[in-house]
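The following note sets out points for a colleague who is examining the coordinates. Please read each point with the structure open.

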Amino acid sequence: MKYIQLPEKPVRRLTFYLAAEEYVARYLDEDECFFMWQVNPTVIFGRNQLIASEVNLDYCRAHGINTFRRKSGGGCVYADMSNIMFSYITKSTSVQFTFDKYMRRVALMLNRLGVNAVASGRNDIMIDGRKVSGNAFYHLPEKSIVHGTMLYDSDIEAMVHAISPSDEKIISKGVQSVRQHVTNLREHIDLDIEQFKAFVRNDMCDEPTIVVDERGIELIEEIEKEYLTHEFIYGNNPRCTISRKQRIEGVGEIEINLEVNGNVIRNVNILGDYFLVGDIDRQLIDKLIGTEFTREAVEKALEGTDIGSIILNCDNQKFTNTIFTP
């Protein structure tokens, strides 16, 4: 695997590094690439999440914490300079294979440091039962991207404040709960953060480094512009008359908002921390719009559609049950 060397200074905003992943996927014909990055305090929410529901915007504004949307699914995360972000880009397009391979590789890297780390659940790496890394996945044509956190010494209190409702009692309990379920790597190794980054780079990458040149930086900055638009950050959230929300084992939380008029579905918005692995607009939402709001009509509209190829680990029955279970 080859390491991608980006300029280390100045520290860029998070959107630059997300765009850098796309640049690698679009412009570099490599089987596997990896790079690490750090950002000033930032909240990153998933492609299908409502910012107002997931982020304590008042706290973030008051404390200079940036907020950005990413193109992968999954939940809301907090990053700061004591958290290291990992990016993995590969030609493999098999979701489960890519995810499992990457997660095992990171867990084994930590094992070689003497850390009892294991890949767990949909997207986490755990140390002695506590989460140290969360990861998310998305496709580009002929490429897959996995990116995630590696908590080295992150500010847990700021994390909880930034992604919780603005209720001090909830926040207080949240800090205690997160500290019970999340761990910083600093508690488990003797390396400082720069020594740890050097170890990761040497362990994960065994091929020549690719240094991104000035033209590459220009292309990254061009890609970044999309991430900075109001439309992308805040999303298009239509008025809805029917809302269904359910947590599905192995899938995550799905919230389906339907605008129904004359018993016909006029608009659809599907939110949540699920992992998107297909084109949800073309393959799913477009098929529902204009459909009569009955189970029979929705099932017929989705005939021939494999929802598991759009929403990871979901299926047509689980999806339909979510719509028609109050």
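1. Strand β13. Of the 10 residues of strand β13 (residues 252–261), 8 are buried, so the strand is largely enclosed by the rest of the structure. Here buried means under 20% relative accessible area, exposed means over 50%, and partly exposed lies in between (1.4 Å probe, protein chains only). Helices (H or I, at least four residues) and strands (E, at least two) are DSSP runs, numbered from the N terminus.

2. Basis of the values. This is a predicted model, in which local features need pLDDT of at least 70 and side-chain atom pairs count only at pLDDT 80 or more, while totals for chains, interfaces and linings use all residues. Residues are numbered from 1 along each chain as its sequence is written, and side-chain values use heavy atoms, with hydrogens and water left out.

3. Partners of β13. Strands pair if DSSP finds at least two bridges between them. Strand β12 (residues 242–248) pairs with β13 in the antiparallel sense over 7 bridges, and Ser243 stands opposite Asn257 in β13. Strand β14 (residues 264–272) is joined to β13 by 8 bridges, and these two also run antiparallel. In that pairing, Asn257 stands opposite Asn269 in β14.

4. Hairpin turns. The hairpin of β12 and β13 has 3 residues between the strands, and Gly250 in the turn has a positive phi of about 80°. The hairpin of β13 and β14 has 2 residues between the strands, with Gly262 at a positive phi near 60°.

5. The open sheet. In which order do the 8 strands of the open sheet lie? The order is β7-β8-β9-β10-β6-β2-β1-β11, with mixed pairing. At the edges stand β7 (117–120) and β11 (210–211), each with a single partner strand, so one side of each is left without a neighbour in the sheet. Strands of a sheet pair through backbone hydrogen bonds, either parallel or antiparallel. Within this sheet, β8 and β9 run antiparallel and are joined by 4 bridges; Ile125 stands opposite Ser133 in β9.

6. Helices on the sheet. Helix α1 lies across β1, β2 (32–37), β6 (83–90), β9 and β10, and runs at about 170° to β2. Helix α4 (residues 95–111) packs on the sheet and touches β2, β6, β7, β8, β9 and β10; its direction makes about 145° with that of β9. Contact means heavy atoms within 4.5 Å. Axes are lines fitted to C-alpha atoms, for helices over the stretch in contact, and angles run from 0 to 180 degrees between N-to-C directions.

7. Nonpolar cores. A nonpolar core is a set of buried Ala, Val, Leu, Ile, Met, Phe, Trp, Tyr and Cys residues joined through side-chain atoms within 4.5 Å. The largest has 84 residues, and those with the most contacts inside it are Phe34, Phe86, Leu110, Leu185 and Phe196. Helix α1 gives the largest share of this core, 9 residues. Apart from it lies another core, of 26 residues, among them Ile242, Ile254, Ile256 and Phe319. Not counting residues up to four places away in sequence, Phe196 touches residues including Ile84, Phe86, Met109 and Leu110.

8. Asp124. Is Asp124, at 18% relative accessibility, buried or exposed? Asp124 counts as buried, and its place is in strand β8. Its side chain makes a polar contact with the side chain of Lys131 (3.3 Å). A polar contact is a pair of N or O atoms within 3.5 Å; within protein, one must be able to donate a hydrogen and the other to accept it, and residues adjacent in sequence count only if both atoms are side-chain atoms. Residues up to four places away in sequence aside, Asp124 touches Met103, Val118, Ala119, Lys131, Ser133 and Gly134.

9. The peptide bond from Lys9 to Pro10 is cis, with omega near -5°; Pro10 lies in the loop between β1 (2–5) and α1 (14–27). Asp128, a residue other than glycine, has a positive phi near 50°. Asp128 is found in the loop between β8 (124–127) and β9 (130–140) and is exposed, with a relative accessible area of 56%. Glu142, also a residue other than glycine, has a positive phi near 70°. Glu142 is found in the loop between β9 and β10 (143–151) and is exposed at 62%.

10. Cysteines. A search of the whole structure finds 0 disulfides, a disulfide being a pair of cysteine sulfur atoms within 2.5 Å. The sulfur of Cys60 is 8.0 Å from the closest cysteine sulfur, in Cys76, which is too far for a bond. Cys60 counts as buried at 2% relative accessibility, and Cys314 counts as buried at 6%.
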